[in-house]
Amino acid sequence: MKLILLGPPGGGKGTQAKFLVYKYSIPQISTGDMLRANVRDQTALGIEAQNFMNEGRLVPDEVILGMMDSRLQKEDCKNGYILDGFPRTIPQAEGLDKLLDKIGHKLNYAIVLDVEQEAIVNRLSSRRSCRGCGRVYNLIFDPPEKENKCGSCDDELYQREDDKTETIKNRLKIYNEQTAPLIEFYSAKNLTQHVDASGDIHQVKANLITALI
Ligand code: AMP
């Protein structure tokens with residue numbers, strides 16, 4: 001199963017991707033997670049990406065496409081994958097098409113998580129991430145048991161720089177301008193499946209299962 005998850009930041013892509021990993025035994029490939037690991041390790045790629053990320057701007061297409069070229073050719077991608085946060089622009093989607101042709105892969109679906117954008121500022125500003133293992137919590141919908149501590153590894157929780165209110169607004173603007181046109185791009189290829197993602201995690205999961213049957 002080869003899937004793209006499309007939808008605004010805070011639309012639940014990461015959360016639902018984790019469920020699909022379990023259901024299909026395929027990897028979640030999140031460009032945001034890959035970039036954050038590079039920033040944390042201060043690799044050349046991470047140093048190049050960090051200012052774009054902190055300001056909620058997109059990292060240049062060539063950087064992302066280079067990173068995905070090597071990632072999709074790894075052994076664990078043979079049986080499928082969930083692309084989470086990629087592609088994010090039309091040039092990235094065109095680059096992905098070329099890459100898939102080169103390696104002989106075919107996409108099954110582009111899942112569109114539909115959610116009202118007013119709900120997103122709330123969802124994202126209450127999101128907290130673990131410094132150690134990267135697990136994501138939401139102070140309102142999925143709070144940690146111990147305040148500010150990760151239930152999986154006991155490390156500290158923090159608020160991503162790009163989850164602060166001003167940056168969220170910028171990320172939504174960029175989503176509407178540069179990423180939303182991908183819905184039309186994949187719809188023209190008959191690959192889109194829309195999922196109502198406005199409910200809680202369990203409702204969205206149920207809607208997703210129905211869409212994938
Ligand atoms: P995410 O975790 O998917 O919300 O991504 C966090 C940030 O990483 C984004 O706001 C961008 O700065 C950067 N990023 C992640 N994926 C991409 C991508 N496909 N293209 C460009 N920038 C990206």
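**Exercise 1.** Work out what span helix 9 (residues 201–212) should have, and compare it with the distance between its end C-alpha atoms.

*Solution.* Helices are DSSP runs of H or I with at least four residues, strands being runs of E with at least two, and both are numbered from the N terminus. The expected span is 1.5 Å times one less than the number of residues. The model is predicted, with local features needing pLDDT of at least 70 and side-chain atom pairs counting only at pLDDT 80 or more, while totals for chains, interfaces and linings use all residues. Residues are numbered from 1 along each chain as its sequence is written, and side-chain values use heavy atoms, leaving out hydrogens and water.

**Exercise 2.** Determine which residues of helix 9 are buried and where they lie around the axis.

*Solution.* Buried means under 20% relative accessible area, exposed over 50%, and partly exposed in between, with a 1.4 Å probe and protein chains only. By this rule Val 204, Leu 208, Ala 211 and Leu 212 are buried in helix 9. They cover an arc of only 90°, taken from the directions from the helix axis to the C-beta atoms, and therefore lie on the same side of helix 9. On the other side, His 202 and Thr 210 are exposed.

**Exercise 3.** Identify elements that cover the buried residues of helix 9.

*Solution.* Taking contact as heavy atoms within 4.5 Å, the cover includes strand 1 (2–6), helix 1 (13–24), strand 4 (109–114) and strand 8 (192–196).
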